[in-house]
Amino acid sequence: MLGYAPREMIGQLFLEFVHPDDREATLKEAESIAAGNNTVGFENRWRCRNGSYKWIAWTATRFCEEELLYGVGRDITAHKQAEAALQESQRFVERIANTSPNLLYVYDETEQRNVYSNREIADTLGYTPEEVKKMGSSLLPTIIHPEDLAKFPEYWHQLENAPDGEVGEYEYRVRDKNGCWRWLVSREIVFSRTEEGKIQQRLGAATDITERKIAEQALAEQLKLSVFTADVGIALTQNQTLLATLQYCADAVVRHLDAAFARIWTLNEEENVLEMEASAGIYTGIDGAYTRIPVGEFKIGLIALERKPHITNSVQEDPRLHDKEWASREGMVAFAGYPLIVDNQLLGVIAMFTRQELKESTLVALASVADAIALGIKRKQTEEALARQKQTLRAIIDNAPIWVWMANASGRMLLVNKTFCEDVAIPESRFLAASHYFEVLGLEQSANCMASDAQAWSQDIPYYSEEIFELTEGKYHELDTIKTQVKDDCGNAIGLIGLGLDVTKQKEAQRQLQASEARFRKLAEKEALLNQLASNIRESLDLDTILATTVQQIRDLLQVDRCVFIWYLPDASPPAWDVVHEAKKDDLFSLLGYFRADITGTLPQKIAKLEVYQIDDVATVSDPVEQKFFLELGCKSVLDLPIKSAGGLTGVVGCVSCREVRKWTKEEVELMEAIGDQLGIAISQSELYTQSVHSARIAQEQAAKLEVTLCELQQAQTQLVQAEKMSSLGQMVAGIAHEINNPVSFIFGNLTYTEEYTTNLMKLLQMYRNEYPEPSPALQEEIEVLEMDFLLEGLAENAVFYADGSYSHPGYREEFAEFLSPG
């Protein structure tokens, strides 16, 4: 065993062979044996012949008769080495367990206690292993939260039925040594089972997730408050009445902030009283003791008076609470009330009671919402005031005995009052639906109105004009109108407002008395219209310029990749498309030129019917020919607007998106239709212009043939110029005659009455003289001073003289007219 021969050991002290560290223990054990005690399993190390040591396990006893110790030794070196390795492994595992940030434990189901736990339990929960061991089977009821402990049986049942090695996970709260609750998440596996297959021991690792849970709760609270703020914000932007909006806000306070009930009051400034507008929670009625609260009374009135929030988490101790018995009965714990103020103006109060303490985050959210509600109340009150003003103004406008209307720059009616609609027997809805008022009134009847509109748009001062309209009785009426621009806060004109007064009767009376003046006025109006038409004719009407400008402006406005103008030629052989103008991105190829119509599928039929062609995604086009055509051109989205000119030509304004699929909005389509209307008018004007240019060219050709009559024409022109001068002189003289004619006509028209009155007066005086031949001295003296007989004789002669003078005036007028006549 040790490698010695017997002779090498006999006679030697046995301690010389024992390891120095074991000699003391060996001597004590030998003394114990010598004292008569037996030993079993005593272990020590013996030196081998090669110098190494082996572990020997001894069983020894004493024989007194022989005074000897008999012992049997068994080599246990291999066992000791294995045991040392095991201990080293255990120490290694222990070090790992103690350095792990998790709580490691082995829980024995039979003993109902932890049979092992690492030192992290002391670092995390503050309990020492001895304290955990001391708790024994009461460990779980002692430290686990009751709500979570009630869930353990279900979890253990799931773990027991799970295959061995499968990890189970659950979260629960544990009370640490300081009495604080901490959140843990445990991951457990079955460590050992009984012979019956029941769980005997569970091996688990628990992680402290308290900070994560706190963060999650804070995030959930923040999310809850964010949803609350957003909910209130949405309610304040809805088109509802103030009462409905405030009720929704009160409901949101109860729903999101767990309030027992919440109420909102608004301030009646005239009576200085807060009036309840909304109530939610356990009290939903707005009629009661607190429906109207004077400012300064009760808790709510004091908040309004002080304009400061009132917050308490101890309602029972709040001196402002009058009914503490009610608060105790209902379990009220906290109260928060905020004044609703905008720009230092008090608008109301919002308040709520809760059955739990209010957190700081809740108060911050409620304060923020209070500001938003205050702004909402201010906005709603302003909107309602504006609505009332608008209603009042509309009633005034509709009941005014004059025409009132408003149109935008394109001629679309924005407002037409009741008087206007009744006089022309056209409802306001038809005016508002038309893109231009001439579509309702007719182009002929609207011509003068459109001309005066143009003049009003061209100047910043009101424009006065006269309009003629055919009313419901079929007669034409004349109106004196005034038109002026309506501008926004930035000074931009947004519309043209017009006022019209029916002056038909006045005008008729004026025409009867001043027929010549009416003719001059008509001539002036005609001249103004001719000047306006001449000005329009002198404007540029080049079609290519119009089309090039249009496609470029549409592309810039809608930000499309390509905009083209195409003529549809259905009578060509074969029918074709002629792309004449385009505006595109520089990296796109040009589409200018001819395309056969049959390669575009059903597009020609739709354009011929003047249908708007709108394709948001070319890939969805059902017609394969049509789809192939657009895909080959690189089109992803297409918007085509057909235009029919007065000359019968069909054009198309096309917008194309090549980079990405584009969904054309309703506003974009309406904008294109409005542009199409304007472009159609421009094309029609250009066609007329082209026809006039053609006619002018023919006239020039004819003029070349008439050069032989140039001298005669020049002489005739001279005569015409002279005649025009004389006509102008005649107009001036006629004007002077008119100015003379007015007072003379007035005098002449009243001479008959003057002569009649004078005759009656003279007759009356003569009757007085006959009745009273002897006047008083004072009266006789006055008759002599005034020379009454001479005065009466002269008055009669003057009347005759004035009559003769006025009768001679018409002769002069006839002479003037004869002098001015072209003959």
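Which residues is Leu 340 in contact with, leaving aside its neighbours within four places in sequence? The legends below take up this point and others in a predicted model.

**Figure 1. The whole protein, as an overview.** This predicted model has 823 residues, and 34% of them count as buried. Its secondary structure comes to 26 helices and 25 strands. Take the contacts between residues at least 6 apart in sequence: 49% of them join residues at least 24 apart. The protein exposes about 50200 Å². Carbon and sulfur atoms supply 56% of that area.

**Figure 2. Leu 340 and its contacts.** Neighbours within four places in sequence are left aside here.

**Figure 3. The largest nonpolar core.** This core holds 34 residues. Val 253, Ile 264, Leu 340, Ile 350 and Ile 373 touch the most other members. Several elements each supply at least two residues of the core. The helices are H9 (210-237), H10 and H13 (360-399). The strands are E9 (259-268), E10 (273-281), E13 (334-342) and E14 (345-354).

**Figure 4. Thr 245 in helix H10.** Helix H10 spans residues 242-257 and includes Thr 245. Is Thr 245 buried or exposed? Thr 245 counts as buried, because its relative accessibility is 1% and the cut-off for buried is under 20%. Beyond its neighbours within four places in sequence, Thr 245 is in contact with Ala 235, Leu 236, Gln 240 and Lys 380.

**Figure 5. A nonpolar surface patch.** Five residues make this patch: Leu 761, Leu 764, Met 767, Tyr 768 and Tyr 772. The patch covers about 560 Å². Leu 761 sits in helix H24 (residues 710-771). With 47% relative accessibility, Leu 761 counts as partly exposed.

Figure 6. Strand E15 (residues 403-407) pairs with strand E16 (residues 413-416). The pairing is antiparallel and runs over three bridges. Met 406 stands opposite Leu 415 in E16. Five residues lie between the two strands of the hairpin. In the turn, Gly 411 has a positive phi of about 90°.

Figure 7. Most residues other than glycine have a negative phi, and most peptide bonds are trans. Asn 272 has a positive phi, near 55°. It lies in the loop between E9 and E10. Asn 272 is partly exposed, with a relative accessible area of 42%. Gln 559 also has a positive phi, of about 55°, although it is not a glycine. Its place is in the loop between helix H20 (543-558) and E20. Gln 559 is exposed, with a relative accessible area of 61%. The peptide bond from Ser 573 to Pro 574 is cis, with omega near -5°. Pro 574 lies in the loop between strand E20 (562-569) and strand E21 (576-584).

**Figure 8. Glu 171 and Arg 212.** Side chains of opposite charge can pair when their charged atoms come close. Glu 171 forms a salt bridge with Arg 212, and their closest N and O atoms are 2.9 Å apart. Glu 171 is in strand E6 (residues 168-175), and Arg 212 is in helix H9. The pair links distant parts of the chain, 41 residues apart. Glu 171 counts as partly exposed at 34% relative accessibility. Arg 212 counts as partly exposed at 40%.

**Figure 9. Lys 483 and Asp 453.** Here the two side chains meet in a salt bridge (2.6 Å, N to O). Lys 483 lies in strand E18 (residues 476-487) and Asp 453 in helix H17 (residues 443-457), so the pair ties together parts 30 residues apart in sequence. Lys 483 and Asp 453 are both buried.

**Figure 10. Asp 616 and Lys 663.** A salt bridge joins Asp 616 to Lys 663, with the closest N and O atoms 3.7 Å apart. Asp 616 lies in the loop between strand E23 (613-615) and helix H22 (624-632). Lys 663 lies in the loop between strand E25 (650-657) and helix H23 (666-705). The pair therefore ties together parts that are 47 residues apart in sequence. Asp 616 is partly exposed at 24% relative accessibility. Lys 663 is exposed, with a relative accessible area of 65%.

**Figure 11. A salt-bridge network.** Glu 147, Asp 148 and Arg 173 are linked in a network of salt bridges. The whole structure has 28 salt bridges.

Methods
Residues numbered from 1 in each chain as written. Predicted model: local features only at pLDDT ≥ 70, side-chain atom pairs only at ≥ 80, totals over all residues. Heavy atoms only, no water. Helix = DSSP H or I, 4+ residues; strand = E, 2+ residues; numbered from the N terminus. Buried < 20%, exposed > 50% of the residue type's maximum accessible area, 1.4 Å probe, protein only. Contact = heavy atoms within 4.5 Å. Core = buried A, V, L, I, M, F, W, Y, C linked by side-chain atoms within 4.5 Å. Areas by Shrake-Rupley, 256 points an atom, 1.4 Å probe, with all protein chains shown as cover. Patch = residues over 30% accessible without salt bridge, like charges linked within 9 Å, V, L, I, M, F, W, Y side chains within 5 Å. Salt bridge = Lys/Arg side-chain N within 4 Å of Asp/Glu carboxyl O. Pairing = 2+ DSSP bridges.
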